[in-house]
Amino acid sequence: MFSPPIDILLIFALTTPLIGWLLERIKKVQLCGVYASIGLMISLWYIYELFGNISSGGAQTFTSFFSSQLRIDMLGIFMATIFVLIGIFASVYSLRYMERDTGVPLFYSLLLLMISGMVGTVFAGDFFTFFVFWEMMCISSYTLVAFRKQRWEPIEAAFKYLIMSSAGSATLLFGMSILYGICGTLNFQGLHMALSNVGSSVWLYVSAIFILIGLGVKSAIVPLHTWLPDAHSAAPSPISAMLSGVVVETGIYAICRVGFTVLTGIEVEWLSVLAILSLVTMFVGNLTPLLQTDLKRLLAYSSIGHIGYMLAGLATGTVLGLTGTLMHIFNHGIMKGAAFLCAGMILYRLETREMKEMAGIGRKMPITAAIFALSLFALTGMPPLNGFISELTIIMATVEANMAWLGIAVIVNSVISAAYYLRTIKALLQPISHKKVEEAKEGPLVMLIPLLIMAALIVVLGIFPDTLINFARSAAIALLGGG
Amino acid sequence: MIETPHYLVFSFTLYMIGIYCLVTKRNMIRLLLGIEILINAANFNFISLASSIPGLIDPLALSIVTVSIGLAASVSAVAVIIIVYAYRHYGTLDVRMLKRLKG
């Protein structure tokens with residue numbers, strides 16, 4: 001219907017509640033997480049098959065009976081891989097994390113719907129298909145943020161998130177309608193052709209402003225970021241890892257896709273706007289966490305800083321810059337995912353997010369603390385780890401594009417970010433002061449397995465980055481060259 | 001016959017009313033209505049631009065609007081659920097009371 005990976009995800013999303021209902025009869029409701037993880041793995045396999053077809057035969061077009069058009073190119077495959085990969089980690093982790101909650105089958109169903117929405121967003125070949133999948137992702141993420149509805153915090157965060165994000169979606173739709181008025185089509189290829197004939201007009205600027213505001217809300221660019229720390233810290237930890245690691249990056253993807261295929265006529269203007277926004281985003285995202293004492297809030301704010309780095313690579317508009325941005329999306333997904341999952345592990349054992357109350361937890365949960373420290377070092381950009389490679393690529397790209405000031409800002413921000421990351425690590429290693437910490441023990445094995453794989457990926461992708469660089473470069477070339 | 005620019009002015013006005021509603025209103029249900037007004041402004045724009053060429057109405061825009069109405073309905077369904085839970089926790093629909101998250 002919509003290309004094999006999305007079909008599998010949708011089928012599993014719709015059957016998970018049914019399987020969960022059957023499993024409830026035999027009191028083994030947790031097993032539906034296994035079912036959802038299998039679905040994600042099959043989907044990853046199909047993405048790998050599509051990768052083989054596309055790397056030999058170029059972009060593929062799928063037209064279904066809904067006349068929704070999917071056009072899958074290298075960039076789509078690149079993004080879909082990271083979405084499904086982080087999805088597998090999050091769903092395996094949730095097997096134990098969500099054991100105290102009710103409605104677990106619905107949780108997995110929503111998780112799969114969110115992932116299929118994201119994969120559909122990156123596979124879409126026309127703007128409206130894109131919008132439908134985008135809304136699918138948004139609606140399921142609102143529900144997932146508010147999943148622990150018996151507490152006040154998720155409800156408040158979800159309401160704020162819903163209002164801001166759906167106002168953003170409506171703005172995006174409004175921008176799309178103006179674009180439709182100019183060109184008479186919403187197909188990305190058709191828009192590219194039509195706009196290169198029409199040239200730039202006032203209406204194109206108006207629609208670009210609306211579209212960038214709409215996408216900027218979702219990707220938490222600074223004046224529009226206020227929902228992010230609340231929503232990401234209030235959600236259950238696997239969902240925080242998904243939201244911070246990949247959902248926000250879907251917005252960055254959308255800016256890349258729309259910017260470099262539709263708004264090519266006014267490229268200089270929107271790139272310079274993004275360069276300035278990236279600078280502001282970086283500084284806000286790295287200065288505010290210095291004051292945070294809540295661990296998940298700190299990590300959520302630092303996501304904003306990393307969005308700033310990604311925008312810096314994007315603002316260069318070159319192949320190298322985009323390669324850096326895409327690599328950073330991949331690496332940030334893994335690093336921030338690992339960091340949030342470790343924070344979730346501490347939350348699972350101690351039921352607190354205050355850094356003071358978890359002093360010395362590293363002595364009781366050594367594996368979690370070691371992986372946490374590793375992911376924080378990678379987020380700072382320490383040399384042998386993967387965060388360093390992508391940040392270096394972004395800095396090199398800014399120098400190459402005569403925007404060295406932006407590169408210097410990235411370096412300065414890395415230094416600032418080290419301050420709060422190191423403070424967090426210090427909190428893990430302090431002498432134990434709370435009784436709760438004294439009684440804590442290492443997390444369950446099912447939750448440690450995804451963390452160990454992520455930690456291995458952080459190190460391996462840092463030492464042998466060639467495969468990832470080539471993958472990201474072919475994605476960047478598909479975006480810039482193929483249109 | 002009303003010309004296209006009039007429709008555009010109307011839809012921009014509708015959009016501005018939606019934003020005004022989001023900025024000034026304090027009731028959660030009214031904020032939701034603001035979102036609906038924003039989406040309807042975009043839908044109206046699609047419909048008016050579909051008939052901008054005389055003698056032809058583009059079916060693409062109409063199908064887009066049909067799907068968009070469905071999406072708007074799902075957003076408001078989720079929003080109403082969240083509002084119900086917020087009312088249970090806070091005992092009010094005033095959005096100014098939802099200020100416990102800070103920092």
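Select F78(A) to start: this residue is buried, with a relative accessible area of 0% (buried is under 20%, exposed over 50% and partly exposed in between, with a 1.4 Å probe and protein chains only). The model is predicted, so local features need pLDDT of at least 70 and side-chain atom pairs pLDDT 80 or more, while totals for chains, interfaces and linings use all residues. Residues are numbered from 1 along each chain as its sequence is written, chains are lettered from A and ligands numbered from 1 in the order written, and side-chain values use heavy atoms, without hydrogens and water.

Rings of Phe, Tyr and Trp (its six-membered ring) pair if their centres lie within 6.5 Å; planes under 30 degrees apart are stacked, over 60 edge-to-face, the rest tilted. By this rule there are 28 aromatic pairs over all chains.

F78(A) is in helix 3 (residues 74–97) and F471(A) in helix 20 (residues 466–480) of chain A, 393 residues apart; helices are DSSP runs of H or I, at least four residues, numbered from the N terminus. F471(A) is buried at 18%.

Next, select F210(A) and F12(B), an edge-to-face pair at 6.0 Å and 65°. The pair joins two chains, because F210(A) lies in helix 8 (residues 202–218) of chain A and F12(B) in helix 1 (residues 4–24) of chain B. F210(A) is buried at 10%, whereas F12(B) is partly exposed at 21%.

Finally, select W45(A), Y48(A), F51(A) and F330(A), which form one aromatic cluster with F78(A) and F471(A).
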